[in-house]
Amino acid sequence: MEDSAELESILPYLPLVIGSSRRLLWPSKVVEALEAMSRGPDHSRVNCGEVLSIAISDMRASLSLADPLALSAPLGYALFFYELMSGADSRKWFAEDIPKLANLLLRLPSLLEVHYQNSRAYGYGLRILGPQQPGMVLLSQELIGALLACSLFCLFPISNRGLKHLPTINFDQLFAYFSSLLLSSCYQSHSRY
């Protein structure tokens, strides 16, 4: 992949690394985890929110992401897939959707490379825009889906985001919120008795 100012501006905020061949790639341990998840829960053992949370933490460690997830996010993942979804929907999510998301994430490096190749002529590539800086970014639906899957799996680095005034994009805060919401709901229903 050719050096690009657009890519260089966003690279510190992506969960990918540039390999020796100047290509974007996932670290090998993340590839192993995503390939296992892409084969379904019988292969990966990711079949509930609690195990998904562990898999997310393992992938984050493989990416050397030092910033911890929100404190109650693991409980939120467990409760979301156990309490808020029906058993059938949860089983279907882990059997069908997690493998599709893992496959999409495995394609993220190539999706970004195609994106930057296609946007080179027009200057619409994914990049950080400064305050009051005009600009346009055009992304394919598939690339947007892969970026959202990164958010669900909490794979974006969060350190140094404040320097560019970038909001947090990982979903750990959302799952932590589910946790606090469900626990406060349980507390309120028990305090009525």
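Tutor: One definition to start. A helix here is a DSSP run of H or I with at least four residues, numbered from the N terminus. The model is predicted.

Student: What makes residues 28–38 helix α2, and what follows α2?

Tutor: Residues 28–38 form a helical run, and the cut-off is at least four residues, so the run counts as a helix. After α2 comes G40, with a positive phi near 100°.

Student: Which residues of α2 are buried, and what do they pack against?

Tutor: V30, L34, A36, M37 and S38 are the buried ones. They pack against α3 (41–44), α4 (49–62) and α6 (87–106).

Student: What is the order of elements along the whole protein?

Tutor: α-β-β-α-α-α-α-α-α-α-α, from the N terminus on. That comes to 9 helices and 2 strands.

Student: Why is Q141 called exposed?

Tutor: Q141 has 74% relative accessibility. Exposed means over 50%, so Q141 qualifies. Q141 belongs to helix α8 (residues 141–152).

Student: How far is Q141 from I169, in sequence and in space?

Tutor: The two are 28 residues apart in sequence. Their C-alpha atoms are 18 Å apart.

Student: Now D172. Where is D172 found?

Tutor: In helix α9, residues 172–191. D172 is buried, so its relative accessible area is under 20%.

Student: How do you know that D172 has no salt bridge?

Tutor: Look at the nearest side chain of opposite charge. That is R60, 6.4 Å away. A salt bridge needs a side-chain nitrogen of Lys or Arg within 4 Å of a carboxyl oxygen. D172 has no such partner, so no salt bridge is assigned.

Student: What is D172 in contact with, leaving aside its neighbours within four places in sequence?

Tutor: P68, L69, A70, A73 and C154. Contact means heavy atoms within 4.5 Å, so each of these has a heavy atom that close to one of D172.

Student: What does UniProt place at residues 86–176?

Tutor: An unreviewed UniProt entry gives the feature "domain: PARG helical" there. In this model the stretch is 54% helix and 0% strand. Its end C-alpha atoms are 20 Å apart.

Student: And the protein overall: what share of the residues is buried?

Tutor: 41% of the 193 residues. Each of those is under 20% relative accessible area, because that is the cut-off for buried. The accessible surface comes to about 11100 Å², with 56% of it on carbon and sulfur atoms.

Student: How many side chains are positive and how many negative?

Tutor: 15 positive and 17 negative. The centres of the two sets lie 2 Å apart.

Technical notes: Residues numbered from 1 in each chain as written. Predicted model: local features only at pLDDT ≥ 70, side-chain atom pairs only at ≥ 80, totals over all residues. Heavy atoms only, no water. Buried < 20%, exposed > 50% of the residue type's maximum accessible area, 1.4 Å probe, protein only. Areas by Shrake-Rupley, 256 points an atom, 1.4 Å probe, with all protein chains shown as cover. Lys, Arg positive; Asp, Glu negative; His and termini not counted. Charge placed at Lys NZ, Arg CZ, Asp CG, Glu CD. UniProt positions renumbered as here; feature names shortened; annotations may be inferred.
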